[in-house]
Amino acid sequence: MKFKHYLTLIAIFSFSIMRSQSGTHLNFDGVDDYVEIPNESNFDFTNQITVEFWINSSETPQQWDALVAKGDDSWRVALTSDGTVAFAGTGAFSDFYSTTAVNDGNWHHVAATYNGANAIIYIDGVLENSIEATANIDNSAFNVSLGENLQQTGRFFSGNLEDVRIWNVARTEEQINASKRCELLGSESGLLAYYKFNQGLDNQDNTAITSLTDATVNANNGTLTNFELTAATSNWKSGSLIITGQNCCTSVTTWNGSAWSNGTPDATKTAIFTGNYTGLGFDACSVQVNGTANVSINSGENLEIQNEVQVASAASFSLENNTNLVQVSDRDNLGNAIVKRNSTPMIRLDYTAWSSPVAGQKLLSFSPNTLTNRFYSYSPSGVDTASAWIPVSAPSTTDFAEGNGYLIRVDNTWSASTAAPYSGQFSGVLNNGPVTVATTTGYNLIGNPYPSTVSVADFISANSTLGVSTLYYWTHTIPASGGVYAQNNYASRTTLGGVASAAGGAIPNAFIQVGQGFFTQTTSDGDLVFNNTMRSNDTSNQFFKTAAKAPKNKSSRFWLNLNGVSANYNQILVGYATGATNDYDQGVDGKLLTNSKSYIASKINGDNYVIQGRAEAFDINDEVAVGFTANQDGDYTIALDSFDGLFTNQDIFLWDKLSNTKHNLKQSAYTFKAVAGTNDSRFTVVYKTDATLGTDTFTKDSQVVYVDANNYIQIENSNQLISKVDVYDVSGKVLYSKTNIQKNQVTVQKSIKNQVVLVKITLQDGSTNTQKIIK
């Protein structure tokens with residue numbers, strides 16, 4: 001297998017991703033584009049109004065570029081030359097302004113309200129400015145327009161607008177925050193006009209779409225004026241912070257630093273933080289961290305959020321090590337968060353495979369004391385170590401790409417003798433929603449892209465068309481010597497269960513941990529996928545655990561270990577499970593991945609497996625072939641590690657066909673001698689002592705085996721011709737072999753004085769018998 005040379009380093013992964021787009025918006029060219037909304041008298045408000053919309057622009061506006069306006073002598077929301085938002089209601093209040101500029105190239109939510117006592121501007125759900133006012137707003141005869149002021153013409157907006165809502169009521173801060181990231185039904189009380197912008201195709205010919213649809217029953221459909229509708233600007237575009245079809249949060253609860261305003265958060269409430277919080281996880285409809293609030297979720301806790309997490313620029317939101325954030329919808333998160341993640345214990349020169357749960361994290365700032373030439377990406381097309389592991393040329397300016405993996409050596413000041421975990425800290429926007437990974441046939445290195453664990457079974461199932469069956473994890477169990485790992489450090493996992501690495505250590509559980517990388521093999525080129533349905537709130541000690549739980553489907557399993565005198569080699573798993581067969585089963589059976597020179601493996605169609613599923617209906621007559629490879633002559637031990645299911649009351653025997661020995665592994669481990677090499681026919685696992693041992697055709701009366709006076713072995717069989725004789729010492733070394741005998745009597749012309757040998761006799765009908773001779 002073209003993989004051995006890669007194992008002198010450690011597992012990491014690399015891939016490209018694509019994000020799904022949701023909803024659409026409209027791009028205004030700033031030259032002459034605008035939308036005119038009819039029925040002007042419907043929008044003559046007095047002392048109750050709310051105007052909401054999403055804006056995205058990176059242009060420098062002229063003064064008073066119109067966003068949503070009813071002429072210039074009634075009410076209007078506009079941009080100033082410094083990019084802040086202005087709101088005016090002629091007759092009641094003059095222009096006042098937000099403190100935040102919204103022309104920074106990011107999406108911002110704007111809400112302007114007046115309730116007959118105060119006029120308020122909210123940016124991204126946060127109150128930025130307000131003034132007192134009590135008078136009524138003047139009416140005008142001009143239609144409402146988007147992107148232009150029809151009374152003071154020429155104030156064209158350059159940028160993108162999305163999800164415009166006009167209300168004849170003053171919305172509260174809680175109401176605005178509860179619904180700003182989701183679609184409304186269109187029938188909400190006080191909603192006069194609602195424009196979802198879910199029209200057109202991204203940058204396509206949309207010349208047939210000339211109106212902006214009002215989603216309310218009021219049919220205030222707008223007319224698109226001067227839009228080109230054929231190119232990348234002045235057209236419908238894809239990409240939105242509003243998820244089509246998503247329901248809104250129904251209420252809000254605010255943490256002020258000491259208490260919740262509306263009870264503990266739940267799946268229907270937006271959780272808003274205006275004060276510091278350190279403590280337990282919770283469920284919420286969405287999360288918003290405002291102002292300078294610092295929020296930290298304790299280690300081992302879980303959060304399940306229906307929608308998005310939004311963190312203000314001066315606030316902080318931290319997930320401690322072994323904490324999960326599960327999100328249900330695919331909404332993009334806003335603002336930077338911190339995810340803390342401890343590695344497995346390492347010593348200096350050790351590597352770890354990292355994948356980032358956030359966007360925007362620089363490689364070098366994640367591990368600033370790692371040498372700059374010790375950050376690697378992985379190329380599946382590499383043919384040796386040098387071409388497979390590609391040094392990152394500029395780790396100080398290179399971000400962790402979403403879902404991409406990188407091999408990073410530990411801090412160069414780390415102890416060379418005392419192992420300790422590296423406390424990694426990712427800072428950036430929390431990853432969420434579908435991730436697509438481009439892979440090529442063969443072994444690919446993948447990583448968990450989320451700030452939560454991911455179900456192994458769900459990942460394998462979703463990627464079954466690419467042949468994904470097994471996940472391989474690096475374990476750091478045995479250190480390197482001179483840059484080379486003496487034994488294989490990869491643990492394996494399928495839907496049936498997991499096995500420890502050849503170097504021993506822990507068994508991987510049923511979840512891919514936060515920040516964790518792994519190998520998986522694909523049988524064809526294609527796109528692997530991650531999505532939110534795979535995410536889990538498992539917190540059972542990150543990376544690996546010391547015991548394996550039974551899978552959800554019915555199964556009975558046992559684990560066997562191969563050990564040497566002074567080394568642990570590897571582990572295999574055999575299980576009888578629902579949906580499995582005695583042939584290869586994708587997602588159940590796991591191939592051997594090793595650079596160890598000594599190992600055991602169960603056999604399926606001649607191939608080596610460390611995990612093998614068998615048909616659920618257990619047959620006590622079943623036999624499981626076990627291949628064995630030794631890197632040197634010596635003593636070896638096969639031991640039963642653990643078992644579950646029916647094997648609680650079922651014996652497990654190792655049949656050594658070389659010595660004609662059947663050993664009950666439940667009573668003790670089996671120790672044997674072996675010479676260097678591979679022997680795939682020596683061992684079989686069976687479940688009863690009276691199973692056929694190749695002796696049925698032999699009887700005491702028909703065959704005699706003895707040593708004569710010259711210390712030669714004499715073999716006689718009166719029933720059948722003897723076709724072959726093999727003689728082994730107890731280590732398995734061949735001392736004598738003769739074929740095509742075809743006689744009833746054979747003399748082995750080799751002295752066996754002062755030793756123990758095993759004589760394997762093959763008869764004409766193919767039956768065999770092995771007998772031990774002590775002289």
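Start by selecting Ala219, which is partly exposed at a relative accessible area of 46%. You are looking at a predicted model, so keep that in mind as you go. Ala219 sits in the loop that runs between β14 (211-212) and β15 (222-225). Check its backbone: phi is positive, about 55 degrees, although Ala219 is not a glycine.

Now follow the chain past β15 and select Asn226, in the loop between β15 and β16 (236-238). Is Asn226 a residue with a positive or a negative phi? The angle is positive, about 70 degrees, and Asn226 is not a glycine either. Asn226 counts as partly exposed, with 44% relative accessibility.

Next, turn to the largest pocket. It holds about 610 Å³ of space. Which residues lie nearest the centre of the largest pocket? Select His108, Asp124, Val311, Ala312 and Ser313. They belong to a lining of 24 residues. If you colour that lining by residue class, you will find ten nonpolar, eleven polar and three charged residues.

Asn177 itself is in helix α1, residues 173-179. Is Asn177 buried or exposed? Asn177 has a relative accessible area of 2%, and therefore counts as buried, the limit being under 20%. Now show the side chains of Asn177 and Gln288: a polar contact of 3.0 Å joins them.

For the last stop, go to Trp655 in strand β53, which spans residues 653-656. Trp655 is buried too, at 6% relative accessibility. Then select Glu623 as well and draw a line from C-alpha to C-alpha. How far apart in space are Trp655 and Glu623? The distance is 9.6 Å, while 32 residues separate Trp655 and Glu623 in sequence.

Terms used. Residues numbered from 1 in each chain as written. Predicted model: local features only at pLDDT ≥ 70, side-chain atom pairs only at ≥ 80, totals over all residues. Heavy atoms only, no water. Helix = DSSP H or I, 4+ residues; strand = E, 2+ residues; numbered from the N terminus. Buried < 20%, exposed > 50% of the residue type's maximum accessible area, 1.4 Å probe, protein only. 1 Å grid on protein atoms, 1.4 Å probe; cavity = no way out; pocket = protein on both sides within 12 Å on 5 of 7 lines; lining within 4 Å. Points joined across faces, edges and corners; volume = space filled by probe spheres on them. Nonpolar A, V, L, I, M, F, W, Y, C, P; charged D, E, K, R; others polar. Polar contact = N/O pair within 3.5 Å; in protein donor to acceptor, adjacent residues only side chain to side chain.
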